[in-house]
Amino acid sequence: MESQANLTCQNLPTIFSSFVDTFVDFSVSGGLFLPPPITPKPQNPLQTIFPSPTRLIAIGDIHGDFQKSKESFKLAGLIDDHDKWCGGSTTVVQIGDVLDRGGEELKILYFLEKLKREAAKVNGNLITMNGNHEIMNVDGDFRYVTKEGLKEFQDWAMWYSVGIDMKKLCTELGEKGCVKDLFEGIPLEFRGVRPEYFEGIRIRIAALRPKGPISERFLSKNQTVVVVGDSVFVHGGLLPKHVDYGFENVNEEVRDWICGLKGRISRDLVRGKDSIVWLRRFSNELAKDCDCSTLEHVLATIPGAKRMIMGHTIQESGINGVCGNQAIRIDVGMSKGCANGLPEVLEIDRYKGLRILTSNPLYQNGKEASLDAKPKDGLGFLLPELGPKQVEVKA
């Protein structure tokens, strides 16, 4: 009987995966709703510096809008009509702020994880980053959560609970009491919150708090600062104190906090207006209000860095650069929960230089759904004067 029970335990992930795949769209679950293994795997250091790829794509804030997220990947030729990776060896950086303002946050998280796996099989790379909204949610700050977002987490919790119940069927785990209560330490009600939202908030806290199943599975794999070739990626911006602290230290400390391995981390790193994920000194839409001297100093202290690429602040004019292109701002407010802007992504090609890929029909030639680019007024500074056209329009 004992060997039969052990066999059942070993087969539970496969059985449950098949069950979920039958009833839930793979891009949402991927059969991934089982609780994580009881014995945590050793934490590998997060890679902070990456070599310069032949093709690099940067995608801005996507805030819970699954459709716009897919449109961004298709715009850059990274996924096919079946939402499978077709970007080959391209490196992609998503700058953070997947969470809040929309109702398909989990759908995007699972989708990005699926693409990471598919890309890795063909030497591609998808790097996901922490934005201020990821940090806020781990902190239990739900000011920008939507009703739809709460409902999505409630649906997730139902499947997660099924997974826990199936784990408990395993005698070996059940007797040792290794399955932790998802809601341990979380109150039943919250002051100032309407009762109909209590359950959704409890689930969201449980899922996203430090060592929560969603924060640990997804957000702990995010970097907070990344250098790819000669480009530095960060959600808000970097000051000299952040460089002095060390990018590897930043990534490790944020990851350890999300995994519940340490207490609250420094305000200088992820909280406050001058922190890495909140800074706006280089992203103000008015170029005259950008602190170009500080930016120049910061880049000079990072070996080989030519530019800082950031999100966080919506650019109503679309992707643009200031401070002699040392600051490239890529948050176009594409989510329906923000400005409902048309998707744009930044491409850095070893042979073609920097280009903006946009879905904006204003930049198409005439009435034809042509893929030929029309220059986007005011953005010529992103390219050498005689270089390739700076905007490529996708239908």
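Predicted model: local features only at pLDDT ≥ 70, side-chain atom pairs only at ≥ 80, totals over all residues.
Which residue's side chain is joined to that of Arg194 by a polar contact of 2.7 Å? The partner is Glu196. Arg194 sits in the loop between helix H6 (171-176) and H7, and with 52% relative accessibility Arg194 counts as exposed, because the cut-off for exposed is over 50%.

The average pLDDT of the protein is 83, and 78% of the residues score at least 70. Residues 1-7 have a pLDDT below 50, and this stretch has two contacts in the model beyond near neighbours in sequence. Residues 15-35 also have a pLDDT below 50, yet this stretch has 44 contacts beyond near neighbours in sequence.

At its start, a side-chain oxygen of Asp65 comes to within 3.3 Å of the backbone nitrogen of Gln67. Just after the helix, Gly77 has a positive phi of about 70°.

## Strands side by side

Now turn to the strands. In strand S5 (residues 225-228), Val225 and Val227 point one way while Val226 and Val228 point the other way, and all are buried. S5 has strand partners that you can trace in the structure. With strand S1 (residues 49-50), S5 runs parallel and is joined by two bridges; here Phe50 has Val228 as its bridge partner. With S6, S5 runs antiparallel and is joined by four bridges; here Val228 has Ser231 as its bridge partner. S5 and S6 form a hairpin with two residues between them, and Gly229 in the turn has a positive phi of about 60°.

Strand S6 (residues 231-234) also pairs with S7 in the parallel sense, over three bridges, and Phe233 is partnered by Ile309. S7 in turn pairs with S9, again in the parallel sense over three bridges, where Ile309 stands opposite Ile328. In S7 (residues 307-310), Arg307 and Ile309 point one way and Met308 and Met310 the other way, and all are buried.

In soluble globular proteins, nonpolar side chains tend to be buried together. In this model, the largest nonpolar core has 97 residues, and those touching the most other members are Phe73, Trp156, Ile214, Phe233, Leu238, Ile302 and Met308. H3 gives the most to this core, with eight residues. Leaving aside residues up to four places away in sequence, Ile302 touches Val227, Val232, Leu238, Val243 and Phe247.

## Cysteines

How many disulfides does a search of the whole structure find? It finds one, joining Cys292 to Cys323 with an S to S distance of 2.0 Å. The torsion about this S-S bond is about -75°, so the disulfide is left-handed. Cys292 lies in helix H12 (residues 292-300) and Cys323 in the loop between strand S8 (320-322) and strand S9 (327-329), so the pair ties together parts that are 31 residues apart in sequence.

| Residue | Relative accessibility | Class |
|---|---|---|
| Cys86 | Cys86: 40% | partly exposed |
| Cys290 | Cys290: 9% | buried |
| Cys292 | Cys292: 28% | partly exposed |
| Cys323 | Cys323: 15% | buried |

Conventions. Residues numbered from 1 in each chain as written. Heavy atoms only, no water. Buried < 20%, exposed > 50% of the residue type's maximum accessible area, 1.4 Å probe, protein only. Polar contact = N/O pair within 3.5 Å; in protein donor to acceptor, adjacent residues only side chain to side chain. pLDDT = per-residue confidence, 0-100. Contact = heavy atoms within 4.5 Å. Disulfide = S-S within 2.5 Å. Pairing = 2+ DSSP bridges. Core = buried A, V, L, I, M, F, W, Y, C linked by side-chain atoms within 4.5 Å.
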